[in-house]
Amino acid sequence: MATEVPAHAGLRELAVAAARCTACELYERATQTVFGAGPDKARVMLVGEQPGDVEDRRGEPFVGPAGRMLDRALDEAGLARNEVYLTNAVKHFRWKSTASSKRRLHQRPGATHIAACHPWLDAEITAVRPRIVVAMGAVAAQSLFGPSFRLTQHRGELLDWPDPHTTVEAAVATIHPSAILRAGEKRKEMQAGFVADLRLASRV
Ligand code: URA
């Protein structure tokens with residue numbers, strides 16, 4: 001049973017409604033819905049993939065290892081975390097267990113999860129009225145620009161926003177901060193690229 005997204009709602013009302021969302025099966029195994037966070041009139045909105053293990057327990061986006069990487073990059077790019085709105089394309093943690101450990105392993109959300117959660121992301125964009133949206137990673141980019149969007153082709157470009165009926169003037173697609181954490185010897189280079197993409201967004 002899907003959950004209705006309330007029309008013309010502010011962020012608080014949306015978060016309360018999203019907490020009851022059953023539009024896909026991910027709510028069954030997640031601890032809670034992790035809704036977006038940040039000022040309700042932020043000029044920059046950053047969209048990630050889905051909450052991770054730490055976010056799922058704490059109920060806030062980007063408060064685990066990827067969040068710490070993001071904080072460092074925001075700082076270098078001259079953006080303050082408390083002036084951007086942070087959210088995810090999918091608002092429940094998708095995970096699998098392994099026989100050998102108690103750890104909950106991240107599983108990438110599928111197309112059905114991205115589509116089921118999309119109305120919440122749209123409602124956040126309508127409520128926050130950002131001028132620029134940054135998609136971090138392929139899941140966020142595909143949620144915002146459609147399944148045929150290729151991050152490898154458009155990463156770091158200033159993109160037109162597909163919906164003219166919003167306040168958004170432009171968008172930037174970039175890598176996900178978790179990719180930097182996994183990058184090994186390319187870490188510095190990837191981090192510098194990520195910071196450059198955030199700087200581009202902050203300049204618009
Ligand atoms: N990764 C994401 O995409 N979002 C979070 O909130 C945390 C990690």
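Colleague: In this predicted model, what share of the contacts with a separation of 6 or more comes from residues 24 or more positions apart?
Modeller: A contact here is a pair with heavy atoms within 4.5 Å. Among contacts in the protein with a separation of 6 or more, the part from residues 24 or more positions apart is 71%.

Colleague: Which radius of gyration does the protein have, and why does it agree with a compact globule?
Modeller: The C-alpha trace spans about 45 × 40 × 30 Å along its principal axes. A compact globule of 204 residues would have a radius of gyration near 17 Å, so the protein agrees with that at 16 Å.

Colleague: What percentage of the residues is buried?
Modeller: Buried means under 20% relative accessible area. Of the 204 residues in the protein, the buried ones make up 50%.

Colleague: Which element gives the most to the lining of the largest pocket?
Modeller: This pocket has a volume of about 700 Å³ and is lined by 28 residues. At least two lining residues each come from α2, α3, β4, α5 and α7. With four residues, the element that gives the most is β4.

Colleague: Which helix gives the most to the lining of the second largest pocket?
Modeller: The second largest pocket has a volume of about 240 Å³. Its lining has four nonpolar, five polar and three charged residues, among them His118, Asp122 and Trp161. Four lining residues come from the helix that gives the most, residues 111–128, which is α4.

Definitions and conventions: Residues numbered from 1 in each chain as written. Predicted model: local features only at pLDDT ≥ 70, side-chain atom pairs only at ≥ 80, totals over all residues. Heavy atoms only, no water. 1 Å grid on protein atoms, 1.4 Å probe; cavity = no way out; pocket = protein on both sides within 12 Å on 5 of 7 lines; lining within 4 Å. Points joined across faces, edges and corners; volume = space filled by probe spheres on them. Nonpolar A, V, L, I, M, F, W, Y, C, P; charged D, E, K, R; others polar. Rg over C-alpha atoms; globule rule 2.2 N^0.38 Å. Buried < 20%, exposed > 50% of the residue type's maximum accessible area, 1.4 Å probe, protein only.
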